[in-house]
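Trainee: I would like to go through the labels on this model. Please set each one against its cut-off.

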Amino acid sequence: MKKPVLVIMAAGMGSRYGGLKQIDPIDEQGHIIMDFSIYDAVKAGFEKVIFIIKKENEADFREVIGNRLSKFMEVAYVFQDILNIPKEFQVPEGRVKPWGTGHAVLSCINEIDGPFAVINADDYYGQSAFSAIYNYLTTHPDDEKYRYAMVGYIIENTLTENGHVARGVCEIDNNGHLSGLHERTRIEKDGDKTEYTEDDGATWITIPAGSMVSMNMWGFHESILQELKDRFPEFLREGLASNPMKCEYFLPNVVGNLLEEGKATAAVLKSTDRWYGVTYKEDKPVVIAAMQELKDKGVYPKELWKADGSKHD
């Protein structure tokens, strides 16, 4: 089996944050969140990273992280282009929003021919997550079904004090497999409770403590790429008719459809690590403090990467 590669989705617009948050330093050494993720991935066994970015951000990405990382692992770039849709469709005039995470991963179809893990560029996942997903992908090839995986986090470990977040709330069967994923786009803390609303705050529904949520850390085999390609036209037909300016082809929705059809399983690899991310500008000091604390505890060295092209252990 081919070695798994790491795919990092970094083409998002960062609208709630403002600016290209994926390359914003979070420590005195100039590391960004991706440095910590890639450090953990290399430690787990990954030897190649693919950045999904916008073409116009390529120079910034190469300068901030790509060029120096190329000393430690193979680096590739894939561009998520709003114009990259089947020829029978047209991008609505005035639309600038990307087509979503499913389209982002589909953009890698010519770059991947084996197992791969997918993460967000601006989320910190913790070391155990990368080891778990690497080990799963190297021991569970597709057989009569697609054998996928996702890392699940305890919801209380994924919230911010500075606003609402979007999370996929998981249903898990007795085999530890994902049986349902409910996207909740506005989740907030309310004292000791976690609640979500789907009507702009008119009503709030409590999410049980300890619920597992998806942070968009997935493990796939190349089979998902053909499924994403085959299902994209139907998404466009429906989405362009109902919500032409904002419809998104979500990766979890495609996985959910495959589960419902009995074509795939998705093992839920449970993590007890604390998630960190910069959803809002006000989150940045929290992330800075957290990364410093992890360094102080010896989880990470002060400098993640040595100037001579080797990695600190």
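Mentor: Start with the contact between two helices. S37, Y39, D40, A41, K43 and A44 in α1 meet Q127, F130, S131 and Y134 in α4. By class, that contact of α1 with α4 has five nonpolar, three polar and two charged residues. This is a predicted model, where local features need pLDDT of at least 70, side-chain atom pairs count only at pLDDT 80 or more, and totals for chains, interfaces and linings use all residues. Residues are numbered from 1 along each chain as its sequence is written, and side-chain values use heavy atoms, with hydrogens and water left out.

Trainee: What makes these residues "meet", and what makes a residue nonpolar, polar or charged?

Mentor: Contact means heavy atoms within 4.5 Å. Ala, Val, Leu, Ile, Met, Phe, Trp, Tyr, Cys and Pro count as nonpolar, Asp, Glu, Lys and Arg as charged, and the others, Gly among them, as polar. Helices are DSSP runs of H or I with at least four residues, strands are runs of E with at least two, and both are numbered from the N terminus.

Trainee: Why is α1 called oblique to α4?

Mentor: Helix α1 (residues 33-44) and helix α4 (residues 127-139) pack at about 40°, with their axes 8 Å apart. That angle makes α1 oblique to α4. The cut-offs: under 35 degrees is roughly parallel, over 145 roughly antiparallel, 65 to 115 roughly perpendicular, and the rest oblique. Axes are lines fitted to C-alpha atoms, for helices over the stretch in contact, and angles run from 0 to 180 degrees between N-to-C directions.

Trainee: How is α1 placed against α2?

Mentor: Helix α2 spans residues 58-69, and α1 packs on α2 at about 20°, with the axes 11 Å apart. That makes the two roughly parallel. M34, D35 and I38 in α1 meet F61, I65, R68 and L69 in α2. This contact has five nonpolar, no polar and two charged residues.

Trainee: What makes α5 roughly perpendicular to α6?

Mentor: Helix α5 (residues 223-242) and helix α6 (residues 251-260) pack at about 100°, with axes 11 Å apart. That value makes α5 roughly perpendicular to α6. I224, E227, L228 and R231 of α5 make the contact with L251, V254, N257 and L258 of α6.

Trainee: Now the rings. How many aromatic pairs are there?

Mentor: The count is 18 aromatic pairs. Rings of Phe, Tyr and Trp (its six-membered ring) pair if their centres lie within 6.5 Å; planes under 30 degrees apart are stacked, over 60 edge-to-face, and the rest tilted.

Trainee: Why is the pair of F46 and Y134 called edge-to-face?

Mentor: Their centres are 5.0 Å apart and their planes stand at 70°, so the pair is edge-to-face. F46 lies in the loop between α1 and β2 (48-53) and Y134 in helix α4, so the pair ties together parts 88 residues apart in sequence.

Trainee: How do you know whether F46 and Y134 are buried or exposed?

Mentor: Buried means under 20% relative accessible area, exposed over 50%, and partly exposed in between (1.4 Å probe, protein chains only). F46 has 2%, so F46 is buried. Y134 has 10%, so Y134 is buried too.

Trainee: What kind of aromatic pair do F116 and F220 form?

Mentor: A tilted one: 5.7 Å centre to centre, 45° between the planes. F116 lies in strand β4 (residues 116-120) and F220 in strand β11 (residues 212-220), so the pair ties together parts 104 residues apart in sequence. F116 is buried, at 0% relative accessible area. F220 is buried, also at 0%.
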